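Here are a few exercises on reading a sheet and its surroundings. Work through each task with the model open, then compare your steps with the solution.

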Amino acid sequence: MSAFGLVAITLVLLASLASSRDLPFFVKSLRDLHRGPPQLPMKSRAEPVTGWITQKIDHFDESNTDTYQMRYLVNDEFETEGSPIFIFVGGEWEIEPSMVKGGLWYDLAKEHNGVLVYTEHRYYGESLPTTTFSTENLKYLHVKQALADLAHFIETFKAENPNLTNSKVLLSGGSYSATMVVWFKRLYPELIVGGWASSAPLLAKLNFVEYKEVVGKAFLELGGQQCYNRIQNGIAELEELFDNKRAAEARAMLRLCSNFDEHNDLDLWSLFGSISNIFSGIAQTQREGDIEFYCNYLLSFDDDASAIANFAYYAWGSPNCLDPTYKETVEYYLWGINNLDESRAWYYQTCNEYGWYQTSGSSNQPFGTKFPATLYTELCSDVFDHQFGNEKIVENTVQTNEDFGGMEPEVENIYVTHGALDPWHPMGLGTAEGATIISKASHCNDFTSISSQDSEEMRAAKERLSELVREWLA
Ligand SMILES: *[C@@H]1O[C@H](CO)[C@@H](O)[C@H](O)[C@H]1NC(C)=O
């Protein structure tokens, strides 16, 4: 098989993550950034047991007695009297068994005869408080409710299990669920002895311009200057074609469907936002050799613009034509109301609590200028509620930072790790605030068992966590 064929197939695989409806270009590119951690190699043969716990739909309204069933997984193969409880906190994804059957957290549980638990976040997977995701129904989707679910879970799980009544509890999480670990310790310090937060964004911010800077940095550091220039020049050339009334050429190169309207800013922004998100997906999940591989592909073309156009086309699975229209995106998120779509749920959380829109607002990144914050805030307004204007979303982020302390969460006994090439890390703590930054690593790179594949820094971080867990359980 030719190298091109191989690249094309890999890109198709990248693009073909399971979904029950064809995902529009833009939605898919965002969704790739919000998957759960990759499945871990499973060491244990134990079959985790699925449990369900009754939770209040609204923990903060006494008069509302409605409840829902929250799902969790338990691996009790090491359980004995007084076993510590090692909880991995679920985020904006469906839970799956490998997280309690392998990896570093599993190894630590084994060392301490711990019981492993994976909790599911409300509105994701099968933990569904409402029968539709209408905007009205999504009002119970809030991190404060999810943290209260977790507190109630810990209390109930201990009370109902005679072996665990006086057990110590530890939390771990990745990405948004790592954020939850930090905030849980802030709100309910007495319920856990310690925790591990891998890649936790803590500062809510509407216009998250730093994200694409780190994506660019990852391509520069691992792929080289030539690759970085190819991306920067290719995107700039495509932008120029649209700006200089040569849209027909750009449309042909990118194989855009006929309904794409280059006079509609929202269509143009969706296109360029989606293209940049392909690079984000690669940087956020990169393992050794990935970026080099895609850079070789990009550099195999004769010119910059066609390299980018072909790259985007293959990343989208080589359809008849590409449809990155804004309208398609809005329709998808509205379809999500009755289909309980998790992309819709997460998008709602960004509008209502965090922002974190990965825009082209910085000039220090190679992905051009054409995906401003307005693209993302318009979507909030069009798919949820017209009250979600720019001002309202800024207010929401200010509220979140007030509630949880932003970059000063003031918590003890939480080990915070980040990859230096994880585009999320600028929203999290740095070394000055006690975090461990692992060079060359990406998002949630440190969940696997200690191994000879680990860089020295990676290994040191995992050993530091192991040491801390011993201290917390002593
Ligand atoms: C409780 O602990 C005992 C040992 O102290 C163990 O034999 C038993 O299996 C544990 N119970 C469960 C449900 O795992």
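A residue counts as buried if 20 or more other C-beta atoms lie within 10 Å of its own, as exposed if 12 or fewer do, and as partly exposed in between, with C-beta atoms placed from the backbone. Helices (H or I, at least four residues) and strands (E, at least two) are DSSP runs, numbered from the N terminus. This is a predicted model, in which local features need pLDDT of at least 70, side-chain atom pairs count only at pLDDT 80 or more, and totals for chains, interfaces and linings use all residues. Residues are numbered from 1 along each chain as its sequence is written.

**Exercise 1. Find how β4 is covered and which way its residues point.**

Step 1: Check burial; five of the five residues of β4 are buried.
Step 2: Sort the directions. V115, V117 and T119 point one way, while L116 and Y118 point the other way.
Step 3: Recall the general rule: in a regular strand the side chains alternate between the two faces of the sheet.

**Exercise 2. Work out how β4 pairs with β2 and with β3.**

Two strands pair if DSSP finds at least two bridges between them.
Step 1: Take β2 and β4 (residues 115–119), which pair in the antiparallel sense over four bridges. Here V74 stands opposite V117.
Step 2: Turn to β3 (residues 85–89), which pairs with β4 in the parallel sense over five bridges. In this pair I87 stands opposite V117.
Step 3: Follow the chain from β3 through helix α3 (residues 103–111) to β4; this β-α-β crossover is right-handed (with the strands pointing away from the viewer, the path from the first strand over the helix to the second runs clockwise).

**Exercise 3. Trace the strand order of the open sheet.**

Step 1: Start with β1 (residues 49–56) and β2 (residues 67–75), antiparallel and joined by eight bridges. Q55 has Y68 in β2 as its bridge partner.
Step 2: Move on to β3 and β5 (residues 169–174), which run parallel and share four bridges. I87 has L171 as its bridge partner in β5.
Step 3: The edge strands, β1 and β10 (436–438), each pair on one side only.
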